[in-house]
Amino acid sequence: MRLSEHNQIASSSEVEHVAFVTEAAAGQTVLIEFPEPIKRRAVLVRSSPASSHPQPVPANELLILSVPAPVEEDPNLLAWVRDWVGAATPDNDHKSQMIAFQGAQIFWAPGCIALVTHPDRRAAVRKALIEFAYYENELRAIERDLGFLWPDLEAHAPLAFEFDEKSVRKRQQLSKRFQQILAIRARLARITPHVLCPHLHPPTLASQVGERLRERTRLTHRLEFISGQLEVFERVYDLCGQRASDFMLARTGHTLEWVIIILLLTQTILVGVELMSTLGK
Amino acid sequence: MRYASIDVLRTIAIFLMVLVHFMENLSGVDWAPAGLGAPLFTFLVGVSYRLWLSSQEAKGKSDSDISTVTIRRGLFLFALGFAFNILVWLPEDTFNWDVLTLIGASLLMLNVVRNLPLPVLALIGIVAFMLGPVLRATADYPTYWTQGYFDPDLTLSDVVLGFLAIGYFPVFPWILFPLAGFVTATLFFTDPSENEPPTISTAIFGAVLIVGAVSTRLLRSYAPVPVASNVLGGWTMFPATLEYITGMLGLVLVLFALGHRWIDRNPKFAERKGLFKVAGTFGKYSLSMYLLHHVVHLWPLWIYGASMGEDPTQFWRNAISVWVAIPLSFLCLASCYWLLRWMERTERGGVESWMRHLCD
């Protein structure tokens with residue numbers, strides 16, 4: 001493909017930077033409002049004509065490249081779009097996924113989507129893609145967070161069986177981890193209905209694109225795996241919490257018992273010393 | 001793990017101890033700063049025990065194994081204390097309850113209380129601190145002391161009273177120092193990765209204790225007579241008065257906290273050159289040094305006394321001028337350092353190695 005053709009495709013394409021926010025800033029276009037428990041909005045940060053050499057996707061943003069589809073399928077165009085997605089996601093270890101469906105071609109990599117379709121269908125497909133991208137991104141973030149927590153879990157696992165005086169100082173950390181796990185579970189619970197939602201009937205292009213991408217990225221299976229992993233975390237930290245609570249209750253009782261023992265010993269020593277000093281004289 | 005600050009503090013205690021023992025035993029001159037040596041030494045016993053305990057736990061040693069070794073070590077030091085009294089202070093002073101028997105008893109006590117919550121340990125320390133003057137008053141302390149030294153009858157009651165309240169280093173209130181060392185080290189060295197050691201707050205607490213001790217000392221003359229004579233006793237080490245114990249505990253806490261902050265946490269001192277090397281050697285052989293310097297200055301005194309008349313102790317506290325005793329103490333320190341370095345180089349163990357060999 002010649003340089004002039006590259007430039008021609010780029011000039012007819014559009015790049016949109018989409019961010020997922022809680023509240024849209026004044027003047028921002030809200031593309032999608034997610035259902036209530038999620039409390040997120042996809043907003044358009046900016047849009048511009050595509051360049052042949054895209055900048056890497058900024059963190060927490062979704063890049064959408066929209067290219068008007070030609071009348072006949074053009075392999076060069078698809079190659080250019082694939083390269084474009086690759087260049088926009090240099091940190092991605094895997095190749096981008098490609099879906100061709102009813103004349104629409106979609107390239108997906110984490111944080112970046114390229115959509116080659118007829119301008120009439122663009123809005124509907126883009127909405128489905130943004131939804132999918134949000135849920136996939138959430139799932140990936142949960143996987144990453146859980147990955148970081150495994151070493152801690154292994155370190156804390158013995159405390160699920162036995163809690164002692166030395167562990168008292170770890171209570172704050174255990175409580176923090178437990179809250180983290182609950183927060184992750186809540187995040188997962190919020191997206192689960194949307195990831196596991198049944199296929200729409202009658203199907204539309206947008207719904208089918210979303211369903212196909214969910215299958216390709218194994219969202220359902222990943223969600224089950226995460227749920228299984230979270231159960232392990234919940235079980236360990238729940239037991240840790242119980243052990244810690246039991247220990248602290250018993251410790252308070254023991255402390256009082258020790259105070260009584262010390263006072264009795266003090267009295268015994270006083271009596272003993274008095275007795276001995278009397279005997280000595 | 002060895003902390004340079006602990007070696008430095010132990011070396012300070014050794015220097016003070018050698019200097020004061022030479023001055024007191026050879027010349028009869030008492031020197032006020034000497035009162036820091038024993039509190040520092042016994043405080044560091046508690047610190048070292050905590051560090052040793054942590055290392056044993058990290059090695060996965062069971063609780064009963066740790067107990068066994070601690071009891072053996074405690075009994076070893078207790079027995080060594082008696083042997084030291086008999087051989088160095090002569091059999092008449094077998095039950096004078098010197099610092100080694102206190103350290104032995106402290107280890108046995110720490111073994112019992114090591115798993116208790118810190119507030120309980122603090123309570124034991126406070127009770128030990130408060131019991132000291134009460135027990136002394138109950139036992140009529142002055143009747144057991146003749147011309148500045150402890151002179152009990154060889155009866156069970158006197159021996160037990162000496163151990164508990166009226167000897168040179170009785171359990172009450174001296175147990176406070178190992179206990180305070182243990183508690184402080186627990187706060188400083190347990191999980192150092194998670195929490196910053198409370199060096200500043202400990203130093204401030206120590207400073208408050210010093211101010212409290214000095215204020216009490218100054219205000220003693222204004223206190224009611226029963227309080228001034230029974231509760232407060234002025235600034236004396238024998239008996240260890242409330243003011244003295246409070247002030248020394250404060251000073252020891254300040255030195256320990258600031259030493260840890262400025263030496264152990266300073267990467268500049270990690271290589272341990274120069275004075276730190278000296279401190280490392282003295283710190284490693286502190287027990288040997290304690291025994292050695294006594295032998296070096298007391299045995300010649302007893303031998304010379306025996307050769308000159310019937311009483312071997314006739315020259316005790318009046319053998320030489322203090323101006324000769326002081327250089328002799330420095331000569332002793334230098335010679336002992338040379339000997340200890342040689343032992344270190346040739347990997348010869350001191351009394352510490354014998355203890356480990358017998359007890360571990």
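Helices and strands here are DSSP runs, a helix having at least four residues and a strand at least two, numbered from the N terminus. On that basis, the elements of chain A run α-β-β-β-β-α-β-β-β-α-α-α-α from the N terminus on, which gives six helices and seven strands. The model is predicted.

Chain A has a radius of gyration of 30 Å, whereas a compact globule of 281 residues would have one near 19 Å. Further values for chain A are tabulated below.

| Property of chain A | Value |
|---|---|
| Box filled by the C-alpha atoms, along the principal axes | roughly 120 × 40 × 35 Å |
| Buried share of the 281 residues | 26% |
| Share joining residues at least 24 apart, among contacts between residues at least 6 apart in sequence | 72% |

Within chain A, helix α3 (residues 119-156) packs against helix α5 (residues 205-216) at an angle of about 30 degrees, and their axes are 8 Å apart. Angles under 35 degrees count as roughly parallel, so α3(A) is roughly parallel to α5(A). The crossing of α3(A) past α5(A) is right-handed. Residues of α3(A) in this contact include Val125(A), Leu129(A) and Phe132(A), and those of α5(A) include Val209(A), Gly210(A) and Leu213(A). By class, the residues of the contact are nine nonpolar, two polar and four charged.

Between the chains, 17 residues of chain A are in contact with 24 residues of chain B. On the chain B side, α5 (118-139) and α6 (156-166) each supply at least two residues. The most comes from α5(B), with 10 residues. This side of chain B has 15 nonpolar, five polar and four charged residues.

How values were computed: Residues are numbered from 1 along each chain as its sequence is written. Chains are lettered from A and ligands numbered from 1 in the order in which they are written. This is a predicted model: local features need pLDDT of at least 70, side-chain atom pairs count only at pLDDT 80 or more; totals for chains, interfaces and linings use all residues. Axes are lines fitted to C-alpha atoms, for helices over the stretch in contact, and angles run from 0 to 180 degrees between N-to-C directions. Angles under 35 degrees count as roughly parallel, over 145 as roughly antiparallel, 65 to 115 as roughly perpendicular and the rest as oblique. A crossing is left-handed if the near helix is turned anticlockwise from the far one by less than a right angle, and right-handed if clockwise. Two residues are in contact if their C-beta atoms, placed from the backbone, lie within 7 Å. Ala, Val, Leu, Ile, Met, Phe, Trp, Tyr, Cys and Pro count as nonpolar, Asp, Glu, Lys and Arg as charged, and the others, Gly among them, as polar. The radius of gyration is taken over C-alpha atoms; the globule rule is 2.2 Å times the number of residues to the power 0.38. A residue is buried if 20 or more other C-beta atoms lie within 10 Å of its own, exposed if 12 or fewer, and partly exposed in between; C-beta atoms are placed from the backbone.
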